[in-house]
Amino acid sequence: METTWENIEDENYCGKGTRISIEYGSNDCYDPLDPNGNISITIDIYQWTPDGYQARVTIQNYYQYRHVEKPGWALGWRWVNKEVIWSMTGAIAIHQGDCSNFTTRVPYCCKENPVIIDLTPEAPPETRTANCCRSGVLTASGIDMPNSLSYFDMIIGHLDGKPNVKIPRNLTLLAPSIGYTCSPLVDSTPTTVIVDGGLRKEQAFRTWKSACTYSSFVAKKTPACCVSLSTFYNPRITPCPACSCDCGTVGNVPPQCTGEGSVKPPLERDVQLNRYIGCTDHMCAVRVHWHVKSNYKGHWRVKVTVSNYDFVNNHSNWNLVIQHPSFSQSLQTFSFNYTKLPTSAGTDEAALFWGLDYYNTMLVHADETDPGSVTTDVLMSKDLESFTLSNGWSFPRRIYFNGDNCQMPMPDEFPTLPNSGPRPSNFQHILFLIIFLIFHGVEP
């Protein structure tokens, strides 16, 4: 079913069909590596007008590593008192609605359920606010806090006075597509701002707030990325699990990919069918490869490579979260930025990686010969009491790309140390005994 603002109900759902508790959350919307992550919506009334009020709407991304990419956020709600929007700066309502009942002064938007989007960077000065006009892009707060928020101003009218001011219902957020569920707007402690060079505090008349949380099950039915593994001590490469992100033909439906492997760009008919991804065993648009490169006395080295198998779409301002117990020690990267993420008790350490400005903040699309890629070496100090190359300890516990959990291989598929392979079979024992006897001149 097509996603529209009309069929997103004002219920306590973590996405369609999954009821949650707004107070306590749910496993579907809870991320143990970012337990306080959400996108906060705040509506501040800071001035009354003869038939309504002036309000500022602030969208703040508190997710540490989940950002909002182009085409950006879209915010919607439902008026309950036949309000209209007289004017708006810092954003745009995509539909004016039916304003035929107004003869002298025509409102900017008469829709009962308006949908608001951000302006583009080319917007004229008179339509802008200080934190608008990035085409709806919100950076992750753990990477770039100043650009993780956006706000717009609007004048609301067609009310009979202040007592008739009602909280909008059915708050909905696309960022940029489905996956977010917003709690109902509620009255909150009024927002206070500092003005006059810090000498004076001014308070909003009323403040309504909502928290929007993300559900990967609603946003995508399959993973968006996968992980492959290799080491310097084992020639075997552990690939991404087969069909990590898709599984070829189902019934009469062809696979949503193009070419044989990642070497053939999409034909025109592929583009028309949204087949932008090279056909691989894993069928993922993005693969993360972790290679244990070397082992020294006091530290060890890993190479991390992120590959884009999509022939059309780039990933701007990409990020990577890796969970590994060794991140409790000091580490150094050579081609990525990084910061360590706070984790809850009992959870392995995690680090957030992203590109260097003017160098590799863009993960480009695949071309005719290779996937697009970004890579870095990571040098980690050893905790000699816990470090080991056995039992898969040197491999990550979990990897996220742009906030999406990547499909990991099963532990029994991890590359092993040479002396930790499978035990010899009885046949191998018998063959060794025969060779031994022949070598010593004994007829078996």
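The following is a conversation about a predicted model.

Colleague: Let us begin with the sheet that contains β3. In what order do its strands stand?

Modeller: The order is β5-β6-β3-β8, an open sheet of 4 strands with antiparallel pairing. The twist averages 20° from one strand to the next.

Colleague: Which strands stand at the edges?

Modeller: Those are β5 (91-93) and β8. Each has a single partner strand, so one side of each is left without a neighbour in the sheet.

Colleague: How many bridges hold β5 to β6?

Modeller: There are 3 bridges between β5 and β6. Within that pairing, Ala-93 has Ile-116 of β6 as its bridge partner.

Colleague: How many residues of β8 are buried?

Modeller: In β8 (residues 169-174), 5 of the 6 residues are buried, so the strand is mostly covered.

Colleague: What peptide bond links Ala-175 to Pro-176?

Modeller: That bond is cis, with omega near -5°. Pro-176 itself sits in the loop between β8 and β9 (180-182). Another cis peptide bond joins Lys-70 and Pro-71, where omega is about 10°. Pro-71 belongs to the loop between β2 (52-61) and β3. For context, most peptide bonds are trans.

Colleague: Let us turn to Ser-148. Where is it placed?

Modeller: Ser-148 is found in the loop between β6 (115-118) and β7 (149-157).

Colleague: Why does Ser-148 count as buried?

Modeller: Its relative accessibility is 0%, and buried means under 20%, so Ser-148 counts as buried.

Colleague: What does its side chain reach, and which residues does Ser-148 touch?

Modeller: The side chain of Ser-148 reaches the backbone oxygen of Met-145 at 2.6 Å. Leaving aside residues up to four places away in sequence, Ser-148 touches Ile-59, Gln-60, Asn-61, Leu-138, Thr-139, Ala-140 and Ser-141.

Colleague: What about phi at Ser-135 and His-158?

Modeller: Neither is a glycine, yet Ser-135 has a positive phi of about 55° and His-158 a positive phi of about 70°. Ser-135 lies in the loop between β6 and β7, while His-158 lies in the loop between β7 and β8.

Colleague: Are these two buried or exposed?

Modeller: Ser-135 counts as buried because its relative accessibility is 17%. His-158, at 39%, counts as partly exposed.

Colleague: Which residues does Leu-320 touch?

Modeller: Among them are Val-288, Val-304, Phe-353, Ile-399 and Phe-401, not counting residues up to four places away in sequence.

Colleague: How many bridges join β18 to β24?

Modeller: There are 4 bridges, with the strands running antiparallel. Gln-323 stands opposite Arg-398 in β24.

Colleague: And which residue stands opposite Phe-401 in β25?

Modeller: Phe-401 stands opposite Asp-404. Strands β24 and β25 (residues 404-405) run antiparallel and are joined by 2 bridges. Their hairpin has 2 residues between the strands, and Asn-402 takes a positive phi near 50° there.

Definitions and conventions: Residues are numbered from 1 along each chain as its sequence is written. This is a predicted model: local features need pLDDT of at least 70, side-chain atom pairs count only at pLDDT 80 or more; totals for chains, interfaces and linings use all residues. Side-chain values use heavy atoms; hydrogens and water are left out. Buried means under 20% relative accessible area, exposed over 50%, partly exposed in between (1.4 Å probe, protein chains only). A polar contact is a pair of N or O atoms within 3.5 Å; within protein, one must be able to donate a hydrogen and the other to accept it, and residues adjacent in sequence count only if both atoms are side-chain atoms. Contact means heavy atoms within 4.5 Å. Two strands pair if DSSP finds at least two bridges between them. Axes are lines fitted to C-alpha atoms, for helices over the stretch in contact, and angles run from 0 to 180 degrees between N-to-C directions.
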